[in-house]
Amino acid sequence: MFGKDYFYLAFGSMIGIGWLVSVPFWIDLAGSVGAIIAVLLTTAIAIPIGFAYGELTASLSVSGGEFAYTLKTWGRLPGFICGWFLCLMYIMILPWVAIAVAVLISYLFPQLDAFPLYTILDYPIYLPHLLISLLMVFLIVYMNMKGVKYTKIFQNVVTILMITIFVVFIVSGWLFGSVENTHPLFSPKGEVNGILLGIASILFFMNGFDTIPKMMEEANQKIKRSRLGWAIVGTILAGALLYILIILASSMMMSPGQMDKLGDLPLAAAFQKATGSSVLSGIVIFGALAGVVTTFNGFLMAGSRLISSFSTAGFLHPAFGTQHPEYRTPHVALWVMAVFSMFGILLGRGVLLPFIILGGVSLLIAWFSVSLSVIRLRMTHPEMVRPYKMPGGIYMGYLAFVLSGSFLIMMLIPGTPVSLGKVEYSLFLAWVVFGGMIYFFQSKKRLFSPEKKSDEGMS
């Protein structure tokens with residue numbers, strides 16, 4: 001993989017479906033201007049994290065991303081905690097994205113909303129939806145099993161197509177929309193609370209740049225590690241700019257009060273009403289569909305490498321780290337993620353929503369771990385060769401630590417504007433208990449070899 005391939009991988013994973021489904025929600029939470037401020041503040045949080053990712057990725061020759069960095073710098077338990085919550089994020093986001101594929105296609109072809117099989121938490125599960133989502137999972141997993149050569153071409157082409165359609169959406173929104181629709185500029189529930197709630201949601205959709213570190217083991221030797229930090233931060237800035245432009249175009253089409261009444265894809269319906277063109281609306285849906293597929297592909301690639309690294313470190317059975325004898329891909333991890341995705345698809349959106357909220361917590365845990373790791377390496381190994389160095393040195397690491405840690409605390413402590421609900425707290429504690437059992441059991445079995453033990457921590 002070359003530098004441009006990593007940009008398409010990260011950018012395609014970052015934008016995904018968030019813009020079509022979540023932008024109206026952000027505007028409703030914070031107002032049109034409030035949503036833009038929330039994106040800017042989220043970007044300000046993510047940039048120091050991106051610099052930390054860049055330094056660690058360029059300096060450490062390990063695969064597995066945040067988990068591997070934490071394991072190498074802090075040891076077994078911190079590494080396990082980081083990796084365990086990242087596993088939760090990946091196995092939850094994939095079925096949610098797969099379900100979105102069926103929702104988008106059924107918007108274009110309403111006759112697919114037929115043959116209801118069952119209902120879970122007021123969300124009906126239709127047979128055609130299940131078949132579409134399951135088929136998409138199988139095809140993308142199979143393509144990933146064949147190797148990076150095929151997946152990178154697919155990701156690049158679809159991401160370029162997606163960006164082109166974004167331009168159509170943004171320009172059409174500005175041409176056919178009205179500034180009057182942008183009111184309210186801020187949430188009537190309170191400017192600060194609305195913006196904080198917006199940040200809590202946007203954080204999850206700013207994720208995607210972390211796919212780069214997990215794929216570095218398969219990088220082309222010509223890639224310049226000295227530019228990794230700027231490449232990661234550039235992806236964050238590009239994603240933030242696109243989100244801001246989409247918020248502006250969306251808020252001009254229709255007020256939040258009107259958009260709330262337009263079904264599962266209010267932004268698509270608002271776009272069609274504003275432009276009066278079903279053709280343009282279909283093009284936008286196609287672009288959203290492209291975004292969903294690139295998100296699934298990017299997170300599948302990254303998540304399978306995480307599970308493989310987790311297994312190699314001795315935290316899961318060695319079979320999870322098995323490489324395909326011909327394609328040299330983590331095929332067992334890929335199919336494990338496929339099974340989780342298929343199971344999640346059968347449960348439907350209603351069950352997955354609380355887990356998606358936990359995905360934001362999992363992401364912050366990973367960011368916090370990266371911040372601690374880059375600080376520790378700066379303190380214990382100042383002589384280490386760093387092809388890319390964070391601007392500001394260790395102080396940039398401290399800034400990343402404070403920003404990620406503060407927001408993580410706000411989400412975990414009850415009573416804050418962005419704290420978890422009762423269901424999310426229960427699921428969080430259940431995942432902690434389940435992880436504790438896995439950690440204890442695997443430690444007892446001593447699956448990790450003495451050689452791996454020596455590489456787990458750096459003193």
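In which helix do Phe80 and Trp84 both lie, and how many residues apart are they? The close-up views below are taken from a predicted model.

**View 1. Phe80 and Trp84 in helix H5.** Both residues belong to helix H5, and 4 residues, about one turn of the helix, separate them. A pair of aromatic rings is described by the distance of the centres and the angle of the planes. For Phe80 and Trp84 the centres are 5.6 Å apart and the planes are at 15 degrees, so the pair is classed as stacked because planes under 30 degrees apart count as stacked. Phe80 has 4% relative accessibility and therefore counts as buried. Trp84, with a relative accessible area of 7%, is buried too.

**View 2. A charged side chain over the ring of Trp74.** Arg376 lies over the face of Trp74. The distance from the ring centre is 4.6 Å.

**View 3. Glu55 and its two arginine partners.** Side chains of opposite charge can pair when their charged atoms come close. The structure holds 2 salt bridges. One of them joins Glu55 to Arg378, with the closest N and O atoms 2.8 Å apart. Is Glu55 buried or exposed? Its relative accessible area is 2%, so Glu55 is buried. Arg386 is buried as well.

**View 4. Trp367 in the largest nonpolar core.** The largest nonpolar core has 138 residues. Trp367 is among those with the most contacts inside this core, together with Trp19, Phe169, Phe296 and Phe407. Helix H5 (residues 76-108) gives the most to the core, with 22 residues. Which residues are in contact with Trp367, leaving aside its neighbours within four places in sequence? They are Ile45, Ala46, Ile49, Tyr53, Leu203, Phe209 and Ser404.

**View 5. Val332 in helix H14.** Val332 is placed in helix H14 (residues 331-347). Its relative accessibility is 24%, so Val332 counts as partly exposed. Not counting residues up to four places away in sequence, Val332 touches Ala319, Phe320 and Thr322. Ser308 is 24 residues from Val332 in sequence, and their C-alpha atoms are 8.4 Å apart in space.

**View 6. The whole chain, for orientation.** The protein chain has 18 helices and 2 strands. Of its 459 residues, 58% are buried. The chain exposes about 18,400 Å², and carbon and sulfur atoms supply 70% of that area. Among contacts between residues at least 6 apart in sequence, 81% join residues at least 24 apart.

Notes: Residues are numbered from 1 along each chain as its sequence is written. This is a predicted model: local features need pLDDT of at least 70, side-chain atom pairs count only at pLDDT 80 or more; totals for chains, interfaces and linings use all residues. Side-chain values use heavy atoms; hydrogens and water are left out. A nonpolar core is a set of buried Ala, Val, Leu, Ile, Met, Phe, Trp, Tyr and Cys residues joined through side-chain atoms within 4.5 Å. Buried means under 20% relative accessible area, exposed over 50%, partly exposed in between (1.4 Å probe, protein chains only). Contact means heavy atoms within 4.5 Å. Accessible areas come from the Shrake-Rupley method with a 1.4 Å probe; for residues, only the protein chains shown count as cover. Rings of Phe, Tyr and Trp (its six-membered ring) pair if their centres lie within 6.5 Å; planes under 30 degrees apart count as stacked, over 60 as edge-to-face and the rest as tilted. A charge sits over a ring if NZ of Lys or CZ of Arg is within 6 Å of the ring centre and within 35 degrees of the ring normal. A salt bridge is a side-chain nitrogen of Lys or Arg within 4 Å of a carboxyl oxygen of Asp or Glu.
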